[in-house]
Amino acid sequence: MIAHAIPYSNLLTDASSTQWGRQRDAQRKRVYDSEHSIKSTKAKTFSLRAAQALVDRITDSDYWQLIPNTPQSIRVIHSTRAFRFSRAHLSKDEIHLAYWGFTYKTILHELAHFLVPEPHAHHGTVFCARLLQLYTIILGTRCAARLRLSFDLNRVTYK
Ligand SMILES: [Zn+2]
């Protein structure tokens, strides 16, 4: 399970930092910083039902289906328990979103975690490349270019 606290000012630490079989998650904070510094990536907030519809649209897409070992579907859970965290629950095919997580930014971030096989780091180069692809497909090239620029400025590798 990968937990993210992505509040709008300061970042909390990931709940599970290292996992056996994965590379060290060295650029996690810089990835968070990159995402935060891009101005409102379609700042729309989703209802639970709309968030699930977005996730279904992505998991049904050719893009998703062509990547090996991706789950056929992912369930969106409104996380009321640990409300400070949004997380990707990889073994359960679920994303748990905190109240602030019903946005494109958080949903795409959590989904990108399902596209990163071991031994790649949770927020490593493969993750960032996948996230840029999701931005391109869902939000368009302009939003993706903004994230790419932010990655560059924050010295995040994505290729
Ligand atoms: Zn993450």
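Predicted model: local features only at pLDDT ≥ 70, side-chain atom pairs only at ≥ 80, totals over all residues.
**Entry: the core**

I began with the largest nonpolar core, which has 31 residues. I wanted to know which members touch the most others, and they turned out to be L108, L111, A112, C128, L131, L134 and Y135. Next I looked up which elements supply at least two residues each: α1 (28-37), α2, β4 (94-97), α4 (104-112), α5 (125-139) and α6 (141-153). Helix α5 gives the most, with 7 residues. A reminder to myself: in soluble globular proteins, nonpolar side chains tend to be buried together.

I then picked out L134. Leaving aside residues up to four places away in sequence, I found that L134 touches L108, L111 and A112.

**Entry: α5 against α6**

How do the axes of α5 and α6 cross? I get roughly 155°, with the axes coming within 7 Å. Angles over 145 degrees count as roughly antiparallel, so I put α5 and α6 down as roughly antiparallel to each other.

On the α5 side, I listed C128, L132, Y135, T136 and L139 as making the contact. On the α6 side, the list reads T141, C143, A144, L147, R148 and F151. Sorted by class, this contact has 8 nonpolar, 2 polar and 1 charged residues.

**Entry: R57**

Is R57 buried or exposed? I noted R57 as exposed, because it has 12 C-beta neighbours inside 10 Å, and 12 or fewer is the cut-off for that label. R57 sits in helix α2, which covers residues 48-59.

I also checked R57 against I138, 81 residues apart along the chain. Their C-alpha atoms are separated by 9.6 Å.

How values were computed: Residues numbered from 1 in each chain as written. Helix = DSSP H or I, 4+ residues; strand = E, 2+ residues; numbered from the N terminus. Buried ≥ 20, exposed ≤ 12 C-beta atoms within 10 Å, placed from the backbone. Core = buried A, V, L, I, M, F, W, Y, C linked by C-beta atoms within 7 Å. Contact = placed C-beta atoms within 7 Å. Axes fitted to C-alpha atoms, helices over the stretch in contact; angles between N-to-C directions. Parallel < 35°, antiparallel > 145°, perpendicular 65-115°, else oblique. Nonpolar A, V, L, I, M, F, W, Y, C, P; charged D, E, K, R; others polar.
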